[in-house]
Amino acid sequence: MDMTEADALRAALALQIAWGADEALEDAPLDRARPRPAAAPLAAATPSVAVPPEAAAPPARRPPAAPPARPLRAALDPGAVLAPAALRAADLAAAADSLEALKAAMQRFEAALRDTATNIVFSDGVAESGLMMIGEAPGADEDRLGKPFVGVSGRLLDRMVASIGLSRERDFYLTNILCWRPPGNRTPTDAEVSLFLPFARRHIALARPRLVVLLGGTAAKALLGAKEGITRLRGRWHMLEVEGLGRVPALPALHPAYLLRQPAAKREAWQDLILLRRRLDAGRDGGG
């Protein structure tokens, strides 16, 4: 069953609350430093015939004051946060006992994105490698070929990891939070991320990586439950809680698509690659 508009709104609110947004604000900030406009001058009194008091218009009644806004956390019914579609996703993900079963479950799951995509984009690389990289969502090339990171940003990723001696054919496993391409390559909505998150978490549990790299802010914030953006999260290892695995070291990193738009950020990306290489070498040498 497709998500209704109400289901999508509940899922989006749940994800915003998890990220720390618990109060509704206006679309644009108020400029409280701006001086108030001067009051219009009263019209000059002119001689006139006195109006009897009973003929004067009654004073306008002030509308009742609106009740103070409540934080979203208090306004939401905790039992209604998970929409039926999200519960269905969680049930399907939990029932999958292998990567093949998980892919089949994701193909069966009825979602609006599935109806606008061409192919499911499940994974690429070597699942048993011990290193898993997770991005945001497929693009046009990925949707056409049914594999993650095969477009321009994917080719950049391949060159980046090759600089530290890694290859997707041998050394790591690739997937995305979303397995279906959002129309027009748009950024996934909060509701879509929240809906597919159970599948992403189960994917990690079944692949059983020793290290995880989270490519881009969407993957990093969703899986870590973080409030900060990717520029604050990157540059250090975090611990990712995975059911059945416990705490898995996770490194947030800049998405290759971001580096294509912001080439100056490649210096920070190189620093993250060095962190990854050192951690891999330490594990190989028995240093954890």
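Which helix does Arg232 lie in?

## Arg232 and the model

Arg232 lies in helix 10, residues 230–233. Helices (H or I, at least four residues) and strands (E, at least two) are DSSP runs, numbered from the N terminus. Arg232 counts as exposed because its relative accessibility is 62%; exposed means over 50% (1.4 Å probe, protein chains only). Its C-alpha atom is separated by 9.8 Å from that of Gly217, 15 residues apart along the chain.

This is a predicted model, in which local features need pLDDT of at least 70, side-chain atom pairs count only at pLDDT 80 or more, and totals for chains, interfaces and linings use all residues. Residues are numbered from 1 along each chain as its sequence is written, and side-chain values use heavy atoms, leaving out hydrogens and water.

## Helix 4 against helix 8

Helix 4 (residues 99–108) packs with helix 8 (residues 190–207) at about 165 degrees, axes 10 Å apart. Axes are lines fitted to C-alpha atoms, for helices over the stretch in contact; angles run from 0 to 180 degrees between N-to-C directions. The two helices are therefore roughly antiparallel (over 145 degrees).

Leu99, Leu102 and Met106 in helix 4 meet Phe199, Arg202, His203, Leu206 and Ala207 in helix 8; contact means heavy atoms within 4.5 Å. Six residues of this contact are nonpolar, one is polar and one is charged.

Six strands form an open, mixed sheet in the order 1-3-2-4-6-5. Strands pair if DSSP finds at least two bridges between them. Strand 1 (124–125) and strand 5 (238–242) stand at the edges, each with a single partner strand, so one side of each lacks a neighbour in the sheet.

Strand 2 (residues 131–135) and strand 3 (residues 173–176) run parallel, joined by four bridges. Ile134 has Thr175 in strand 3 as its bridge partner.

Notes. Buried < 20%, exposed > 50% of the residue type's maximum accessible area, 1.4 Å probe, protein only. Parallel < 35°, antiparallel > 145°, perpendicular 65-115°, else oblique. Nonpolar A, V, L, I, M, F, W, Y, C, P; charged D, E, K, R; others polar.
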